[in-house]
Amino acid sequence: MMRLAVPKETRAGETRVAATPESVKKFKGLGLDVMIQSGAGQGARISDSDYQAAGATIAPDAAATLAGADIVLMVRPEAAQTAVLKKGAVLAALLAPHSDKEAIAALSAQGVTAFAMELLPRISRAQAMDVLSSQANLAGYKAVIDAAAQFGRAMPMMMTAAGTIAPARVLVMGVGVAGLQAIATAKRLGAIVSATDVRPATKEQVESLGGTFVAVMDDEFKNAQTAGGYAKEMSAEYQAKQAALIAETIKKQDIIITTALIPGRKAPILVSEAMIQSMKPGSVIVDLAAGAGGNTPLSRPDEVVEAHGVTIMGHTNLPGRLATDASSL
């Protein structure tokens with residue numbers, strides 16, 4: 001019988017787990033022997049007894065969990081864990097192949113077949129395995145919730161006998177999966193939401209969620225997308241006009257959510273220090289790209305810093321702050 005192993009995650013701050021009792025039941029139905037390390041689901045509020053009830057065997061430590069494993073499921077493995085995998089084993093995890101090339105080379109030398117889940121194509125057949133989209137969805141939601149908790153005022157307009165509270169203004173920069181969920185969440189909380197992206201096709205998506213699209217709407221922008229849906233490089237003249245518009249927009253915002261990531265490269269700077277200085281005291285920026293260099297020059301990975309009266313939140317694992325739901329997806 002083939003053995004499938006799920007060890008406990010060891011990276012700092014990683015609360016997710018690669019299997020839930022529901023998925024264990026499915027693996028058992030396929031005839032697999034499932035081994036779960038004791039405490040693997042603790043961060044996601046899943047007990048060892050929950051796994052046992054689903055048919056898994058609980059192993060006392062990582063060595064016992066991984067011994068003889070044919071298939072290993074993890075969220076973000078570390079080298080010490082993967083080094084003990086046997087030749088011919090199959091590993092499925094988030095492997096960061098663009099940035100962690102040494103780890104990929106080591107797995108290859110071991111004879112391990114490794115699936116980097118973040119590289120799965122976004123096609124219909126693979127939708128159920130699209131971990132990037134599922135985790136980005138949660139990240140976009142949590143970014144707004146964290147920002148609202150940090151923000152010192154209410155999000156929606158409130159009219160009382162004592163006076164009226166104006167709604168918060170939220171700008172989302174980057175309209176991918178995380179950005180769209182951030183727009184939807186901020187709208188549900190009652191904020192006035194605007195968003196910007198380099199792709200013209202996202203304008204309709206933003207407006208369908210009740211947001212206002214921010215862009216210089218000239219002929220160059222309308223033709224700024226290839227047939228494959230990718231953004232074209234814009235002229236220096238257009239970039240200057242767009243930068244001026246964004247700078248003016250940022251001055252009026254209470255909360256900014258930045259989401260721009262480029263696989264294998266440093267994240268682009270979307271909000272300059274001068275722009276941060278122009279924001280109102282008490283404003284909040286949540287930088288979803290803090291772990292890749294940041295969309296602001298002042299972002300710090302896994303830190304919440306204050307600069308020029310603005311709080312900049314740089315949590316690098318927002319889905320992990322919703323570990324139960326993130327693990328189930």
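Good morning. Please keep in mind throughout that the model before you is a predicted one.

I will begin with the domains. The assignment for this protein gives domain 1, residues 3-119, and domain 2, residues 133-327. Taken over C-alpha atoms, their centres lie 34 Å apart. Where the two domains are in contact, 11 residues of domain 1 take part, together with 10 residues of domain 2.

How much area is buried between domain 1 and domain 2? The value is about 740 Å², and carbon and sulfur atoms give 50% of this area. On the side of domain 1, three residues deserve attention: Arg16, Ala44 and His98 supply 57% of the area that this domain buries against domain 2, more than any other three residues do.

Let me turn to salt bridges. The structure as a whole contains 13 of them, yet the count between domain 1 and domain 2 is zero. One example joins glutamate 14 to arginine 76, with 2.8 Å between the closest N and O atoms. This pair links distant parts of the chain, since its two members are 62 residues apart. Glutamate 14 sits in the loop between β1 (3-6) and α1, whereas arginine 76 belongs to the loop between β4 and α4 (79-82).

My last topic is the second largest pocket, whose volume is about 870 Å³. Its lining comprises 29 residues, and those closest to the centre are Ala18, Leu73, Met117, Val131 and Leu329. Several elements give two or more residues to this lining, namely α1 (21-29), β4 (71-73), β5 (90-93), α6 (131-150) and α12 (323-328). The largest share comes from α1, which provides four residues.

Which kinds of residue make up the lining of this pocket, nonpolar, polar or charged? The lining divides into 21 nonpolar residues, five polar ones and three charged ones.

The area buried between the domains is about 740 Å², with zero salt bridges counted between them. Thank you for your attention.

Definitions and conventions:
Residues are numbered from 1 along each chain as its sequence is written. This is a predicted model: local features need pLDDT of at least 70, side-chain atom pairs count only at pLDDT 80 or more; totals for chains, interfaces and linings use all residues. Side-chain values use heavy atoms; hydrogens and water are left out. On a 1 Å grid over the protein atoms alone, a cavity is a set of points where a 1.4 Å probe fits but cannot get out, and a pocket is an open set with protein on both sides within 12 Å along at least five of seven lines; lining residues have an atom within 4 Å of a point. Grid points are joined across faces, edges and corners, and a volume is the space filled by probe spheres set on the points. Ala, Val, Leu, Ile, Met, Phe, Trp, Tyr, Cys and Pro count as nonpolar, Asp, Glu, Lys and Arg as charged, and the others, Gly among them, as polar. Domain bounds come from an automatic or database domain assignment. Contact means heavy atoms within 4.5 Å. Buried area is the accessible area (1.4 Å probe) that two parts lose on being put together, summed over both. A salt bridge is a side-chain nitrogen of Lys or Arg within 4 Å of a carboxyl oxygen of Asp or Glu.
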